[in-house]
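Look over the sequence and the structure first, then read on.

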Amino acid sequence: MTSESPAPLIDPFGRAVQYLRVSVTDRCDLRCVYCMAEDMSFLPKADVLTLEEIDRLCSAFVKLGTRKLRLTGGEPLVRRDVMQLIRALGRHIASGDLDELTLTTNGTMLFKHAAGLYEAGVRRINVSMDTLDPHKFQAITRWGKLDKILGGIQAAKDAGLKIKINCVALKGVNDDEIHRMVAWCGEQGFDLTFIEVMPMGDVGEGARLDQYWPLTQLRAELETRWTLDESDHRTGGPARYVRVRETGQRVGFITPLTHNFCESCNRVRLTCTGTLYMCLGQEDAADLRTPLRMSDEDGPLIDAVRDAITRKPKGHDFLIDRQHQGPAVPRHMSVTGG
Ligand code: SAM
Ligand code: SF4
């Protein structure tokens with residue numbers, strides 16, 4: 001770092017904030033039952049930051065020491081011209097100012113964009129796929145076609161992208177498939193992360209208690225078939241990993257409800273309207289769109305970011321039990337992108 005570099009972002013608990021997740025759109029071409037209601041109303045386009053504004057915001061964070069940028073959504077690859085943004089952000093990879101540019105995607109558009117992602121400097125991506133059964137896939141996503149996702153995943157593999165599969169553990173839905181998922185990811189050479197359902201947003205059908213499957217139970221089930229060796233691998237995200245001896249691939253667990261991961265939290269989340277959430281599970285947020293649009297200079301924006309980081313809370317308070325079946329926070333996961 002040169003003597004002219006601005007001071008890095010350190011929160012009140014001494015955690016360096018070096019990871020920015022950006023929801024580039026709240027829209028999506030699927031409607032996963034745990035994520036969205038079927039009849040979602042989306043933001044008016046006028047409220048959404050332009051691609052140039054998102055670039056400016058991300059670049060300000062890079063200036064302030066962000067080393068990892070993850071684009072998410074909604075579905076990031078359905079935003080019009082999103083590849084322009086991804087190519088532009090790739091300059092920070094080329095310059096060495098950023099260690100990683102990545103995205104979380106549902107995979108529907110990978111068949112089209114996989115090669116372009118690699119060219120832009122993306123090296124690994126997370127693809128969300130909760131089942132290998134086409135009927136279940138359609139039921140979970142309300143209308144998705146599994147074939148298209150599998151084709152997209154193959155295209156990403158062919159393009160040289162490293163793939164991690166995200167799988168939300170859903171009681172009574174995909175609990176009978178976890179061994180198959182581990183075996184398939186092993187054959188494909190993919191890591192796999194299981195995610196506990198988080199109580200975010202009103203999804204309109206069924207109580208959360210019906211979907212919630214603690215990963216402690218899932219892990220115990222895995223151990224009946226696979227040898228799980230502890231691993232200290234960390235990706236800068238919240239997952240804890242084990243290595244499956246029989247396949248050689250990693251399996252991660254994101255357990256916000258049974259295991260609090262806040263103490264090592266190094267990330268903040270930006271919505272497509274320029275609102276910065278300092279914690280996935282808390283309501284406090286900072287408006288960055290106003291300082292961004294106030295001036296062509298980055299001064300007001302950087303002041304607003306620094307002020308926001310002083311308010312980063314120690315942790316979240318997610319809880320699902322019989323008394324707490326409603327959302328802990330009213331916004332949907334698609335607003336902040338998970
Ligand atoms: N559309 C992209 C996708 O599905 O990968 C990116 C956005 S999506 C909101 C990011 C991740 O959040 C996905 O892996 C999805 O399964 C997960 N997710 C969504 N709602 C969730 C919830 N209520 N609890 C846990 N994970 C959730
Ligand atoms: Fe769309 Fe991703 Fe939410 Fe599914 S999880 S509805 S793909 S944003």
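## Helix pairs, a ligand shell and confidence

Helices α6 and α8 are roughly perpendicular to each other, because their axes cross at roughly 65 degrees (65 to 115 degrees counts as roughly perpendicular, under 35 as roughly parallel). Ile178, His179 and Val182 of α6 touch Leu218, Glu221 and Leu222 of α8 (contact means heavy atoms within 4.5 Å). Four of these residues are nonpolar, one is polar and one is charged.

Helices α1 and α2 cross at roughly 20 degrees. That makes α1 roughly parallel to α2. On α1, the contact residues include Leu51, Ile54 and Cys58; on α2, they include Val82, Leu85 and Leu89.

| Pair | Residues | Axes come within | Crossing angle |
|---|---|---|---|
| α6 and α8 | 178–188 and 215–222 | 10 Å | roughly 65 degrees |
| α1 and α2 | 51–63 and 82–94 | 10 Å | roughly 20 degrees |

This is a predicted model: local features need pLDDT of at least 70, side-chain atom pairs count only at pLDDT 80 or more, and totals for chains, interfaces and linings use all residues. Residues are numbered from 1 along each chain as its sequence is written, chains are lettered from A and ligands numbered from 1 in the order in which they are written, and side-chain values use heavy atoms, leaving out hydrogens and water.

Around ligand 2 lie Cys28, Leu30, Arg31, Cys32, Cys35, Met36, Gly74 and Asn106 (a heavy atom within 4 Å). Five are nonpolar, two polar and one charged.

Mean pLDDT for the chain is 89 (the predictor's confidence in each residue, from 0 to 100). Over residues 319–323, pLDDT stays under 50.

Definitions and conventions
Axes fitted to C-alpha atoms, helices over the stretch in contact; angles between N-to-C directions. Helix = DSSP H or I, 4+ residues; strand = E, 2+ residues; numbered from the N terminus. Parallel < 35°, antiparallel > 145°, perpendicular 65-115°, else oblique. Nonpolar A, V, L, I, M, F, W, Y, C, P; charged D, E, K, R; others polar.
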